[in-house]
Amino acid sequence: MIGLVIVSHSARLAEGVCELAEQVAQGRVRLAAAGGAADPEHPIGTDAFKVQQAIESVYSEDGVLVLTDLGSAVLSAETALEFLEEDKRGHVKLCSAPLVEGAVAAASQAAAGASMEEILREVEAALAVARPVAAESSQERLVTLTNALGLHARPAAKLIRIARRFQALVTIENVTHAAARSKPLASTAFSAWARGRDIDYGYGRTDPMRARLSRNWRCLLRGDAATRTNRPNSPNSPESPCHRPPES
Amino acid sequence: MGNLTGMAVRRQDVLAWMEELQRVYAENRDRLTELDSAIGDADHGTNMDRGFSALKTELAANVPADIRAVLQTVATVLIRTVGGAAGPLYGTFFLRASAACAGKPQLEDAEIVTMFRAGVDGLQARGKAVAGDKTMLDVLLPAMSAMGEKLEQGGTLAEILAAGAAAAEKGMLDTIPMQARKGRASYLGPRSIGHQDPGATSAWLLLKAAAATLVSSPNWT
């Protein structure tokens with residue numbers, strides 16, 4: 001299981017980011033907070049030993065991703081690597097993505113079964129200005145969000161899990177907001193998509209995949225299902241993105 | 001009494017250096033913080049003072065067995081307590097310095113220079129700064145060159161360390177007209193020009209204290 005370590009100058013911030021990432025991690029990612037300095041009278045700062053302990057606590061050979069907030073957090077994280085055993089060090093990656101977006105994107109991807117390399121690629125893509133989908137290699141559909149809450153964090157995480165079942169690069173775009181850029185799917189995890197907004201999506205590859213993707217997706221976008229499926233006590237199967245019979 | 005086999009720095013000299021550093025950073029706490037308030041976040045003095053005060057307490061409670069262990073304790077305490085970039089940077093300096101002392105009950109002059117160089121190499125690798133970025137390295141790099149040169153000329157340890165401290169002081173003053181390219185001061189861009197770098201200042205104090213305390217004593221075996 002992939003591990004995720006959140007390093008912040010503030011203990012509360014690190015714990016808060018973990019709490020947020022837990023919403024999409026759903027027990028499929030090991031999370032650890034390494035926030036604050038050791039001195040209780042001067043708690044703001046970072047502590048390489050705390051980072052090292054956090055890494056150890058979530059370590060497996062699947063890998064550990066360490067996300068950091070400001071400048072010296074990176075130095076502490078790098079120093080922490082020095083205290084790790086040689087054979088563990090290679091499985092630990094540092095990433096300078098924005099802390100909140102990066103953590104949620106990484107947790108979503110890891111919960112969906114992505115490898116460390118894939119997670120790094122996604123999280124870094126979330127950072128970069130996304131490139132538009134090439135028209136000749138992809139198809140596009142226009143879908144209207146009718147979910148009252150829009151496409152918020154948890155359904156977006158669900159969407160990512162569904163999309164990962166297919167070998168398709170999926171991007172979504174808010175066409176109502178002219179300024180909104182096309183983004184890789186992971187980076188939508190924290191975008192606020194309001195009711196009634198049109199979104200556009202493009203995908204590639206073969207027909208059966210496209211059909212299934214399209215069906216699941218539309219169900220998610222339309223449905224109250226999207227907001228219900230992730231609730232632990234939902235009567236609906238948590239594994240199914242749709243609790244209604246899929247459209248033909 | 002046995003045979004005189006040369007001159008060497010012993011564990012007690014390294015401990016004296018640490019004691020001096022604790023005194024010096026306490027004395028310069030406000031000065032360092034004032035420098036940091038101009039181009040940073042106004043905590044470098046309090047951070048260094050806190051780190052070395054914690055070190056004093058730790059060394060009073062447990063005296064490490066040899067020079068390597070002393071420096072390792074310094075690294076650990078600084079990493080834990082300094083906070084900010086100075087913690088991991090000076091922590092890495094002492095960590096690498098300690099590794100260079102492995103298996104050595106005492107250090108000859110050349111080994112002292114090697115120890116400093118290992119520390120500075122580690123600090124540079126950690127911070128990824130280069131000469132002219134307006135950082136500690138603008139003090140440490142010229143000091144290492146001066147110490148290496150004096151060693152080659154056959155200088156005594158006192159002369160080597162004095163040359164290092166003198167080059168460090170010049171390097172510190174040279175940071176004043178520089179524009180910061182690393183750390184928080186770099187956010188200020190051209191407005192960082194005209195201010196002496198606080199990290200460069202604490203690095204100068206480190207070498208100045210070394211020159212005042214690290215002495216080579218006759219080594220009898």
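pLDDT is the predictor's confidence in each residue, from 0 to 100. This is a predicted model, in which local features need pLDDT of at least 70, side-chain atom pairs count only at pLDDT 80 or more, and totals for chains, interfaces and linings use all residues. Residues are numbered from 1 along each chain as its sequence is written, and chains are lettered from A and ligands numbered from 1 in the order in which they are written.

**Exercise 1. Confidence**

State what mean pLDDT chain B and chain A have, and which stretches of chain A fall below 50.

Solution. Start with chain B: its average pLDDT is 93, and 97% of its residues score at least 70. Next, take its elements, where helices (H or I, at least four residues) and strands (E, at least two) are DSSP runs numbered from the N terminus.

Then turn to chain A, whose mean pLDDT is 71, with 55% of residues at 70 or more. Residues 178–184 of chain A have pLDDT below 50, yet this stretch has 18 contacts in the model beyond near neighbours in sequence. Here two residues are in contact if their C-beta atoms, placed from the backbone, lie within 7 Å. Residues 186–213 of chain A also stay under 50, and the model has 90 contacts for them beyond four places in sequence. Where pLDDT is low, the predicted coordinates should not be read in detail.

Finally, the scores of the model are ipTM 0.82 and pTM 0.73.

**Exercise 2. The sheet of chain A**

Give the strand order of the open sheet of four strands in chain A, and say which strands are at its edges.

Solution. Two strands pair if DSSP finds at least two bridges between them. On that basis the order is β2-β1-β3-β4 (chain A), with parallel pairing. β2 (30–35) and β4 (92–95) of chain A each pair on one side only and are the edge strands. From one strand to the next, the twist averages 20°.

For one pair in detail, take β1 (residues 3–8) of chain A, which six bridges join to β2(A). Ile6(A) has Ala33(A) in β2(A) as its bridge partner.

**Exercise 3. Where the chains meet**

Describe the side of chain B that touches chain A, and the packing of α3(A) on α5(B).

Solution. The contact takes 15 residues from chain A and 14 from chain B. On the side of chain B, α4 (67–81) and α5 (86–99) of chain B are the elements that give two or more residues; α5(B) has the largest share, four residues. By class, this side has four nonpolar, six polar and four charged residues. Ala, Val, Leu, Ile, Met, Phe, Trp, Tyr, Cys and Pro count as nonpolar, Asp, Glu, Lys and Arg as charged, and the others, Gly among them, as polar.

Now consider the helix pair. α3 (residues 71–83) of chain A and α5(B) have axes 8 Å apart, at an angle of about 30°. They are therefore roughly parallel to each other. Angles under 35 degrees count as roughly parallel, over 145 as roughly antiparallel, 65 to 115 as roughly perpendicular and the rest as oblique. α3(A) contributes Ser72(A), Leu75(A), Ser76(A) and Thr79(A), while α5(B) contributes Pro88(B), Leu89(B), Gly91(B) and Thr92(B). This contact has three nonpolar, five polar and no charged residues.

**Exercise 4. A helix pair within chain A**

Find how α2(A) and α3(A) are oriented, and which residues meet.

Solution. The axes of α2 (residues 48–58) of chain A and α3(A) come within 8 Å and cross at roughly 60°, so the two helices are oblique to each other. In α2(A), Ala48(A), Val51(A), Gln52(A) and Ile55(A) meet Ser76(A), Ala77(A), Thr79(A), Ala80(A) and Phe83(A) in α3(A). These residues divide into six nonpolar, three polar and no charged.

Definitions and conventions: Axes fitted to C-alpha atoms, helices over the stretch in contact; angles between N-to-C directions.
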